[in-house]
Amino acid sequence: MTPHIPDRPAPARLRWSAATSSLQIEGSRHADGGGRSIWDDEIAKPGRIRDGSTADPACDSYRRVEDDIAAVAGLGVDRYRFSIPWARVQPDGRGRGNAAALDHYSRVVDGLLAAGVTPFPTLYHWELPSVVEEEGGWLNRDTAERFAEYAAVVADRLGDRVSDWYTINEPAMTTLQGYAVGTLAPGRQLLFGALPTAHHQLLAHAGAAEALRARGSARVGLVNNHTWVLPLRDTEEDRRAALLYDLMHNRLFSEPLLSGTTPDLETLGLPALPVVGDDLARIAGSVDFYGVNFYNPTTVTAAAPGAAIPFEIVPTPGLPVTGFGPEWPIMPSALRDLLIDLRARHPRMPPVIIGENGASFPEPDTAGPVDDADRIAYLAAHIDAVGEAIEAGVPVEEYTVWSLLDNWEWTDGYTQRFGLVHVDFATGARTPKASYGWYRDLIARARSSRRTSAASA
Ligand code: BGC
């Protein structure tokens, strides 16, 4: 089937960006005194990574910073979203910070600024120092304070040149996949026992926001993964299962941040969140923007009576899929609908930034041109959906493609290619795909139409 590319122009007022995360691209995992993280522990577990790979060298980006900056600058994006790994900066999870690692990220910031791209770092993209996990990780309230201290250390070094920060990437994935079912690090299987990690991550974000603002940062936000939840069948049981999943994946995080409330877990028979004192007020005031990462909708059905988890995630019938197969159906209207729904639920919603959106497709491992029409169609349709949400009144300010480069996809190793730039992991060769030129041209057109409308205003 030829993918459909919408012919409506991209929203003229959006800022544009592309994203990566440190472990997924950098390699050199322990260079410059970098410490051990929960992903080193995960990689060491036999059979844990689908292709047996180790995230080293990945894209070798720790040593090839100039290449990445050139790729980012060539796109003409306004900003670049990259992450700074906590375990490199504070190998022991505390203290004044590892000067060599901070110097490295300082050079990244300088390089981006010199290339005319605004650096937009994420402070936590899943690389919890192992020592912090050993003391309970995100189950331990103290981790929130540690994270705020780490944020302060980074801001003291980079805050003279970085004004906007993402604190935590996708707390929902850490709670659900990291601590509840164990498909991501730290691989715990606590089911609903993972719920405290949701609150502690929001608290960590709030503490970091306070530390960053105290150091003059302009705007701080958290970026969560959002999905649009569909009941498989139009039955009371499936609707209830879908509601519960929506609560776990989306509302557990968006409600405290955007409305200062927590979903009522106890009436659903679940343990209450470990909220203490003014926690909710701190969390509610903590986002200057709200980050939304979106990939796919999720279809849910009621589990068999007596199952440990009362819902089951199933393939969404009738939709095309990405390289992950039925787990990742393609439904751009879901992004529009969830943005409109978020705005309706939260009248005081701050500006929204789409922090990640993209797809993997089967592509060759060896270097060469890639005509990724399927990725272009995916991105075009989702950008169009963002345009519809903006027309419906959702204050979206920025759109970010995941990812700049093919990279190391966590427990899926090198088996999923998400990049605008192809990476041959055997040689390090980088080749821009067709989608790279398409995104560059889309940004240039959107910018020139913004200039034309500003001139005629
Ligand atoms: C994560 C990325 C990941 C992407 C694709 C997001 O949930 O933030 O690190 O590579 O999804 O799976």
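## Report on the predicted model

Glu 26 sits in the loop between helix 1 (22-25) and helix 2 (38-43); helices (H or I, at least four residues) and strands (E, at least two) are DSSP runs, numbered from the N terminus. The model is predicted: local features need pLDDT of at least 70, side-chain atom pairs count only at pLDDT 80 or more, and totals for chains, interfaces and linings use all residues. Residues are numbered from 1 along each chain as its sequence is written, and side-chain values use heavy atoms, with hydrogens and water left out.

Glu 26 counts as buried because its relative accessibility is 7%; buried means under 20% relative accessible area, exposed over 50% and partly exposed in between (1.4 Å probe, protein chains only). Its side chain makes a polar contact with the side chain of Arg 88 at 2.9 Å. A polar contact is a pair of N or O atoms within 3.5 Å; within protein, one must be able to donate a hydrogen and the other to accept it, and residues adjacent in sequence count only if both atoms are side-chain atoms. Not counting residues up to four places away in sequence, Glu 26 also touches Pro 57, Asp 60 and Tyr 105, among others; contact means heavy atoms within 4.5 Å.

Leu 75 belongs to helix 3 (residues 65-75) and is buried, with a relative accessible area of 1%. Beyond its neighbours within four places in sequence, its contacts include Ala 18, Leu 404 and Tyr 439.

**Ligand site**

There are 13 residues around the ligand, and Gln 24, His 125, Glu 170, Glu 356 and Glu 409 come nearest; a residue is near a molecule or strand if one of its heavy atoms lies within 4 Å of it. The table gives distances from a polar side-chain atom to an oxygen atom of the ligand for three of these residues.

| Residue | Distance to ligand oxygen |
|---|---|
| Glu 170 | 2.4 Å |
| Glu 356 | 2.8 Å |
| Glu 409 | 2.5 Å |

The protein covers 96% of the 310 Å² of accessible area that the ligand has on its own; such areas come from the Shrake-Rupley method with a 1.4 Å probe, and for residues only the protein chains shown count as cover.

Strand 2 (residues 79-83) runs parallel to strand 1 (residues 15-19), joined by three bridges, and parallel to strand 3 (residues 118-124), joined by five. Two strands pair if DSSP finds at least two bridges between them. Arg 79 of strand 2 is the bridge partner of Ser 17, and its own partner in strand 3 is Thr 118. In a regular strand the side chains alternate between the two faces of the sheet. Arg 79, Arg 81 and Ser 83 point one way from strand 2, Tyr 80 and Phe 82 point the other way, and all are buried.

In helix 8 (residues 171-180), nine of its 10 residues are buried. Their cover includes strand 3, strand 4 (164-169) and helix 10. Gly 182, which follows helix 8, has a positive phi near 85 degrees.

**Nonpolar cores**

The largest nonpolar core has 134 residues, and those with the most contacts inside it include Trp 16, Phe 147 and Tyr 399. A nonpolar core is a set of buried Ala, Val, Leu, Ile, Met, Phe, Trp, Tyr and Cys residues joined through side-chain atoms within 4.5 Å. Helix 10 (residues 236-259) gives the largest share of this core, 10 residues. A second, separate core of five residues includes Phe 120, Val 223, Phe 289 and Ile 353.
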